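I opened my notebook to keep track of what I look up here.

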Amino acid sequence: MLTGKRALITGSTSGIGLAMARAMQSEGAEVILNGFGDEADIAQLCEELGASHTGANLLDTSAIEAMMKDIGGVDILVNNAGMQHVSPVEDFPTEKWDQIIGLNLSAVFHTTRMAVPYMKEKGWGRIINTASAHSKTASPFKSAYNASKHAVDGFTKTIALELAETGVTANCISPGYVWTPLIEGQIPDTMAARGLSREEVINDVLLAKQPTKKFVQPHEIGALAVFLCREEAGNVTGANWSIDGGWTAG
Ligand code: NAD
């Protein structure tokens, strides 16, 4: 049970983050949502989960600092917000590179550095970073994303070691392809980059990577995140947990 724990989950108005928020709330955690979206939809989510919401843009360091100060201490920090762009490296828009590194990597550093003092003081904390199968392996045309996710793995291991004697753990969860708006959004660009139809992208590019031939379901990631928050997971730190249908086993 996570009763009495406060959890900030970034990028939780949609997809994987929302599933993790639902899973933690159902275990009794107080959940703080973050992310963009339709105001009425977010208000409805807050009501459903008894949650609060911060719309801080994690590409803006001062907005992250204001958010963390505003929220106060959290017991569980899930760095989940992320974005993707698919393009050959020579055409990769430089502003997209900066945004992807900013959101997928630098924001993780900023929230973490501000969350750690409270966790250390309490002698308990859980930091969970949503990385990706692309933190362990690569596919073409995703240079910024793959670089950012490999870096998140390195960052997570580093803070796990720094915090090892404090009661605070830090781990990555690395999904394969999960059916969320992020995946749906990259299908047209992958069609263009590889000259394929929608069906070919789904079956021959995306699911070709996953031996199970199934998309990972967001609630499965929620269950893994809850496990990492349990007392029994107190010795699980510095790990990068694959949930990818066997993709990175190959
Ligand atoms: P999604 O697009 O469904 O959700 C992204 C969330 O991040 C949304 O809540 C959005 O509002 C928020 N967000 C985007 N930009 C933001 C910003 N600047 N500031 C604050 N919030 C912002 O994506 P998803 O598929 O659920 O992905 C979540 C995480 O999982 C990402 O880190 C992604 O890289 C990772 N991931 C996804 C998959 C997949 O197959 N979907 C696979 C591996 C890893």
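**Entry 1: strand 2**

Glu30, Ile32 and Asn34 lie on one side, and they are buried. Val31 and Leu33 lie on the other, and they are buried too. I note that this is a predicted model. I then counted along the whole strand, residues 30-34. 5 of the 5 residues are buried, so strand 2 is largely enclosed by the rest of the structure.

**Entry 2: partners of strand 2**

Which strands pair with strand 2? Strand 1, residues 6-9, pairs with strand 2 in the parallel sense, over 4 bridges. Ala7 stands opposite Val31 there. I followed the chain between the two. From strand 1 it passes through helix 1 to strand 2, a right-handed β-α-β crossover.

Strand 3, residues 52-54, is a parallel partner as well, over 3 bridges. Here Ile32 faces Ser52. Helix 2, residues 39-49, sits between strand 2 and strand 3 in the unit they make. I logged that β-α-β unit as right-handed.

I came back to Ala7. What does it touch beyond its neighbours within four places in sequence? I found Met24, Ala29, Glu30, Val31 and Ile32 among its contacts. Val74, Asp75, Ile76 and Val78 are in contact with Ala7 as well.

I looked up the largest nonpolar core next. It holds 56 residues.

**Entry 3: strand 6**

How many residues of strand 6 are buried? I counted 8 of the 8, over residues 168-175, so strand 6 is largely enclosed by the rest of the structure. Val168, Ala170, Cys172 and Ser174 point one way. Thr169, Asn171, Ile173 and Pro175 point the other way.

Strand 5, residues 125-130, runs parallel to strand 6, and 6 bridges join them. I noted Ile127 with Ala170 as its bridge partner. With helix 5, residues 143-162, these two strands make a right-handed β-α-β unit.

Strand 7, residues 240-243, is also parallel to strand 6, joined by 4 bridges. Ser174 has Ser242 as its bridge partner in strand 7.

**Entry 4: two loop residues**

Where does Arg230 lie? I found it in the loop between helix 8 (218-229) and strand 7. Arg230 has 13 C-beta neighbours inside 10 Å, so it counts as partly exposed. Leu2 is 228 residues away along the chain, yet the C-alpha atoms of Arg230 and Leu2 are separated by 7.4 Å.

Ala164 is in the loop between helix 5 and strand 6. It counts as partly exposed because it has 14 C-beta neighbours inside 10 Å. I checked Ala164 against Gly50, which is 114 residues apart from it in sequence. Their C-alpha atoms are 32 Å apart in space.

**Entry 5: the ligand**

Which residues are closest to the ligand? Gly11, Gly15, Gly35, Gly82 and Leu182 are the closest, in a surrounding set of 28 residues. I sorted this shell by class and got 13 nonpolar, 15 polar and no charged residues. Helix 1 (15-26) supplies at least two residues of the shell, and so does helix 6 (181-194).

Note on methods. Residues numbered from 1 in each chain as written. Predicted model: local features only at pLDDT ≥ 70, side-chain atom pairs only at ≥ 80, totals over all residues. Near = placed C-beta within 6 Å. Nonpolar A, V, L, I, M, F, W, Y, C, P; charged D, E, K, R; others polar. Core = buried A, V, L, I, M, F, W, Y, C linked by C-beta atoms within 7 Å. Buried ≥ 20, exposed ≤ 12 C-beta atoms within 10 Å, placed from the backbone. Contact = placed C-beta atoms within 7 Å. Pairing = 2+ DSSP bridges. Right-handed = clockwise from strand over helix to strand, strands pointing away.
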